[in-house]
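This report describes one protein chain for a reader who is new to it.

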Amino acid sequence: MLGLPDNRLDTLPLLDVIKHIEAIVEAVMPEIIYTHHAGDLNVDHRIVHQAAVTACRPLPGSSVRAIYAFETVSNTEWQSGGDPFRPQRWVDIEPFLESKRRALEAYAAEMRPFPHARSREAVEARARVRGAAVGLAAAECFMVVREVVR
């Protein structure tokens, strides 16, 4: 959380958020960045996306070779405008579905009963539908923000 206010990043100058991410990128030197979709309903998600893309601008010597945007249930599909989530990259997660179910337990306070999009059943159904779109049992998908192939 970096000590930043939850669901209130719009109260901070964007540069402050960028500087936090830049410091992490400089320390970790990641090759791949995963960030929220730019059009999420949640304002913090939109700001994190913008700050991450800015912090990872393609400068000479940058370690970042790819930036992928992920969908967040009950945020990405509820947007009311802008660019919709159009995935270009699918990752087979079938071997990890049980791990994903267990990970959702840490997020229990945010989960809702089915048929809410943020229910355990809906999250698994989304993975199954995303997988079926490309011939897999389950998948997560991403939008390619930037990808440099060397």
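Met29 is located in the loop between α1 and β1 (32–36), where helices (H or I, at least four residues) and strands (E, at least two) are DSSP runs numbered from the N terminus. Although Met29 is not a glycine, it has a positive phi of about 55 degrees. Met29 is partly exposed, its relative accessible area being 46%; here buried means under 20% relative accessible area, exposed means over 50%, and partly exposed lies in between (1.4 Å probe, protein chains only).

The model is predicted: local features need pLDDT of at least 70 and side-chain atom pairs count only at pLDDT 80 or more, while totals for chains, interfaces and linings use all residues. Residues are numbered from 1 along each chain as its sequence is written, and side-chain values use heavy atoms, with hydrogens and water left out.

**Further backbone features**

Asn7 is not a glycine, yet it has a positive phi of about 55 degrees. This residue, Asn7, lies in the segment before α1 and counts as partly exposed, because its relative accessibility is 44%. Elsewhere, the peptide bond from Phe114 to Pro115 is cis, with omega near 20 degrees. Pro115 belongs to the loop between α3 and α4. Such features deserve a remark because most residues other than glycine have a negative phi, and most peptide bonds are trans.

**Overall fold**

Four helices and four strands make up the elements of the chain. Their order, read from the N terminus, is α-β-α-β-β-α-α-β. The chain is as compact as a globular protein of its length, because its radius of gyration of 16 Å is close to the 15 Å that the globule rule gives for 150 residues. That radius is taken over C-alpha atoms, and the globule rule is 2.2 Å times the number of residues to the power 0.38. Along the principal axes, the C-alpha atoms of the chain fill a box of roughly 40 × 40 × 30 Å.

Of the 150 residues in the chain, 38% count as buried. Among contacts with a separation of 6 or more, 72% come from residues 24 or more positions apart, a contact being heavy atoms within 4.5 Å.

Cys56 counts as buried, at 2% relative accessibility. Cys141 is also buried, with a relative accessible area of 2%. The structure holds zero disulfides, a disulfide being a pair of cysteine sulfur atoms within 2.5 Å.

**Surface**

The chain exposes about 9000 Å², of which carbon and sulfur atoms supply 57%; accessible areas come from the Shrake-Rupley method with a 1.4 Å probe, and for residues only the protein chains shown count as cover. A nonpolar patch on the surface is formed by Leu2, Ile24 and Val28, which together have about 270 Å² of accessible area. Patches are made of residues with over 30% relative accessible area and no salt bridge, like charges being joined within 9 Å and nonpolar side chains (Val, Leu, Ile, Met, Phe, Trp, Tyr) within 5 Å.

**Salt bridges**

Side chains of opposite charge can pair when their charged atoms come close. A search of the whole structure finds 13 salt bridges, each defined as a side-chain nitrogen of Lys or Arg within 4 Å of a carboxyl oxygen of Asp or Glu. Three of these pairs are set out below.

| Salt bridge | Distance, N to O |
|---|---|
| Glu22 and Arg57 | 2.9 Å |
| Arg101 and Glu98 | 2.8 Å |
| Arg128 and Glu124 | 3.3 Å |

Glu22 counts as partly exposed at 22% relative accessibility, and Arg57 counts as partly exposed at 35%.

Arg101 and Glu98 are separated by about one helical turn, because they are three residues apart in helix α3 (residues 97–105). Arg101 is partly exposed, with a relative accessible area of 31%, and Glu98 is partly exposed with 42%.

Arg128 and Glu124 are four residues apart in helix α4 (residues 120–132), so about one helical turn separates them. Arg128 counts as partly exposed at 31% relative accessibility, and Glu124 counts as partly exposed at 25%. A network of salt bridges links Glu98, Arg101, Arg102, Glu124 and Arg128.
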